[in-house]
Amino acid sequence: MSGSCRRSRAPTPPAWGPPSGKAFIPPRTSNCLRRPVVGSRAGRPDRSVYDDQPNAHKKFMEKLDACIRNHDKEIEKMCNFHHQGFVDAITELLKVRTDAEKLKVQVTDTNRRLQDAGKEVIVQTDNIIRCRIQQRNITTVVEKLQLCLPVLEMYSKLKEQMSAKRYYSALKTMEQLENVYFPRVSQYRFCQLMIENLPKLREDIKEISMSDLKDFLESIRKHSDKIGETAMKQAQQQKTFSVALPKQNNVKFGKKMYINDRIPEERNEIELKHAFEEEDENEEEVMGVLTVQDLVDFSPVYRCLHIYSVLGDEETFENYYRKQRKKQARLVLQPQSNMHETVDGYRRYFTQIVGFFVVEDHILHVTQGLVTRAYTDELWNMALSKIIAVLRAHSSYCTDPDLVLELKNLIVIFADTLQGYGFPVNRLFDLLFEIRDQYNETLLKKWAGVFRDIFEEDNYSPIPVVNEEEYKIVISKFPFQDPDLEKQSFPKKFPMSQSVPRIYTQVKEFIYASLKFSESLHRSSTEIDDMLRKSTNLLLTRTLNSCLLNLIRKPHIGLTELVQIIINTTHLEQACKYLEDFITNITNISQETVHTTRLYGLSTFKDARHAAEGEIYTKLNQKIDEFVQLADYDWTMSEPDGRASGYLMDLINFLRSIFQVFTHLPGKVAQTACMSACQHLSTSLMQMLLDSELKQISMGAVQQFNLDVIQCELFASSEPVPGFQGDTLQLAFIDLRQLLDLFMVWDWSTYLADYGQPASKYLRVNPNTALTLLEKVKDTSKKNNIFAQFRKNDRDKQKLIETVMKQLRSLVNGMSHHT
């Protein structure tokens with residue numbers, strides 16, 4: 001029984017549940033079927049089966065079989081309990097099969113009819129769904145477009161700004177795109193393309209702005225001279241106004257040409273303005289209002305600076321700008337080779353430098369950090385050293401004082417202009433003192449030519465005046481005071497020649513010319529007075545003195561001209577005090593000041609006068625030599641002519657006329673000249689008598705020579721120049737007189753007996769001279785009547801001559817041994 005029940009299967013209950021009216025209750029599983037819980041102490045199988053006890057396995061199997069039998073019984077009971085319900089359920093299912101088939105047909109028909117009826121609804125529903133999807137998509141698109149439109153608008157604005165070259169604004173727009181707009185739409189591809197394109201745009205902006213900056217630097221280099229010219233003219237005008245209207249100081253000197261500090265960010269870039277006014281009148285009209293922004297558009301610099309600042313590369317821009325400007329500074333400071341030839345060359349050089357530093361000063365004040373004061377100071381110090389070296393080198397080639405003066409004026413305006421912009425210019429004024437010395441040198445060279453021309457044009461004759469008007473004209477040019485001359489009636493003559501007032505006037509012109517350089521040098525009156533006096537001293541001691549000395553030494557200047565030159569120097573020397581007064585009136589510095597320099601005119605004209613006096617002595621002696629060379633003695637004549645030689649009489653007449661001219665000279669000069677002439681004449685006659693080429697002299701020639709010496713003595717005793725005491729002038733011929741007397745009287749015994757005695761009659765006769773002449777006379781003794789009586793009367797007298805010559809030789813030898 002239990003085996004059948006164990007093998008049989010319970011009928012399958014209906015799908016829709018148990019039969020109506022009966023509740024389906026599943027059979028409860030017997031506890032014996034449950035798996036015992038290992039380790040439980042109560043109601044759990046005995047674990048002794050696992051223990052190693054005798055018959056434990058057998059007991060376990062017995063218990064297991066008992067449990068299986070119990071479970072089989074439970075299964076059988078459950079099957080018996082549900083069998084009738086299962087049968088009833090099958091019966092019920094069979095009853096409703098037919099109804100279910102009918103229902104199925106009805107449902108299928110109804111479904112078909114519903115499907116047919118809902119096709120249009122489905123179509124409309126699909127349309128509605130599609131429309132709603134489209135609406136949703138449209139709404140989504142609108143939302144996304146509203147999110148993207150500002151980005152696109154900003155990017156479009158960026159493109160417009162790039163096209164309009166508003167690069168600074170474009171960079172700001174890029175910042176807004178990156179920080180605000182792109183994060184909202186970063187998931188879209190077009191946004192990624194835009195993001196990828198921004199770095200390229202930034203590089204383009206950097207390149208374009210740098211290109212604009214390069215154009216600006218190139219243009220500013222070309223037009224620096226115009227900027228500098230404008231600045232220098234404004235400084236010059238302001239200085240003129242300050243001098244003319246010292247009380248109206250509301251306009252500061254050196255007003256800087258600044259523009260507004262507002263930096264243009266949204267306006268278009270403008271090229272450098274080329275509308276520079278070329279006409280002087282137009283320049284003067286606008287000079288008061290022209291500023292640097294009227295000449296230069298600095299917007300490229302501003303834009304480039306701000307662009308690089310926004311891009312975080314400001315240091316690169318600053319380094320590039322400073323490097324390029326330093327290169328331009330070196331180009332500006334490089335002078336042209338022929339700059340020193342004209343003032344325009346210096347003017348262009350200065351205006352370029354001023355224009356360069358005006359621009360740098362402007363950049364310093366309207367930008368922050370692009371250039372610094374330390375940078376401009378370093379640049380200026382470098383430039384100043386170069387400028388001074390260039391000016392020192394090129395000015396040394398200037399030989400025209402007018403050009404040097406114009407250069408000085410340009411340097412003063414140049415220094416004043418840059419000083420107005422805050423640049424130190426003390427070294428430039430120090431350089432001006434060096435150039436002042438050079439200016440004085442060029443003035444001295446110029447006035448040397450002026451003095452030479454004056455001396456060449458002078459007639460070296462006293463100035464004649466025929467009426468009062470001519471007299472006043474001379475007095476107005478030269479401070480001459482002579483009461484005796486004023487009392488004389490017209491016509492009359494000034495003692496000096498025409499060159500004196502002309503030289504005096506030119507010295508005053510030199511002082512004025514020297515004063516022109518001292519103007520605007522910011523020096524005191526004392527310093528200016530000292531400079532004028534020193535330069536005037538150089539003119540007198542070097543230039544005028546040199547011209548006078550050269551004039552005195554010229555071959556065509558005769559004795560009359562030399563006499564007039566001495567007279568001229570005397571009056572020029574007297575006029576030096578008036579020149580000192582003239583300088584005092586200009587500088588208002590009293591001559592009594594301790595440090596006041598005195599004029600060296602006194603020593604200058606004294607030196608020239610002494611040179612002229614020496615030249616008079618030289619030329620007078622040369623003239624005497626010319627007359628002496630005309631002497632034509634017959635040294636073998638037996639009898640003299642009975643009168644003096646013609647050449648000597650002509651010489652004496654010449655000396656009388658010359659010494660008559662010497663009356664206008666100071667007394668000592670005329671006396672010295674007369675004494676020098678007589679001594680030179682005496683020496684020349686003595687040399688003629690003792691000439692080694694002259695071998696024989698007859699006593700007749702000695703007597704003729706004695707007649708000539710007598711005429712010389714008569715000329716000396718006639719006092720051709722007053723002031724000599726006694727026979728002082730006659731002493732010039734004493735050597736000749738004693739020598740000739742010795743031969744004429746033939747008093748050798750007296751000479752030999754008294755030789756060496758202070759009271760000797762022939763004290764001035766040298767034994768050697770006497771021996772030389774005696775030898776020449778001895779050779780002609782055979783033809784001389786005087787010696788003929790020796791031959792006739794007694795040969796012992798012939799031996800006397802031999803004895804005298806022997807004694808003279810012994811005296812000569814004794815003198816040589818003594819010496």
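## Contacts and overall make-up

Within the chain, 80% of the contacts with a separation of 6 or more are accounted for by residues 24 or more positions apart. The structure is a predicted model.

The chain contains 28 helices and two strands. It has 819 residues, of which 42% count as buried. The accessible surface of the chain amounts to about 46400 Å², and carbon and sulfur atoms hold 51% of that surface.

Met61 has a relative accessibility of 34%. Because partly exposed residues lie between the limit for buried, under 20%, and the limit for exposed, over 50%, Met61 counts as partly exposed.

## Helix α26

Helix α26 is made of twelve residues, 767–778. At 1.5 Å a residue, the helix should span 16 Å.

Several residues of α26 are buried, including Pro767, Thr769, Ala770 and Leu771. Leu773, Leu774, Lys776 and Val777 of this helix are buried as well. At the start of α26, a contact involves Asn766 and Asn768: a side-chain oxygen of Asn766 reaches to within 2.8 Å of the backbone nitrogen of Asn768.

Note on methods:
Residues are numbered from 1 along each chain as its sequence is written. This is a predicted model: local features need pLDDT of at least 70, side-chain atom pairs count only at pLDDT 80 or more; totals for chains, interfaces and linings use all residues. Side-chain values use heavy atoms; hydrogens and water are left out. Buried means under 20% relative accessible area, exposed over 50%, partly exposed in between (1.4 Å probe, protein chains only). Helices (H or I, at least four residues) and strands (E, at least two) are DSSP runs, numbered from the N terminus. Contact means heavy atoms within 4.5 Å. Accessible areas come from the Shrake-Rupley method with a 1.4 Å probe; for residues, only the protein chains shown count as cover. The expected span of a helix is 1.5 Å times one less than its number of residues. A polar contact is a pair of N or O atoms within 3.5 Å; within protein, one must be able to donate a hydrogen and the other to accept it, and residues adjacent in sequence count only if both atoms are side-chain atoms.
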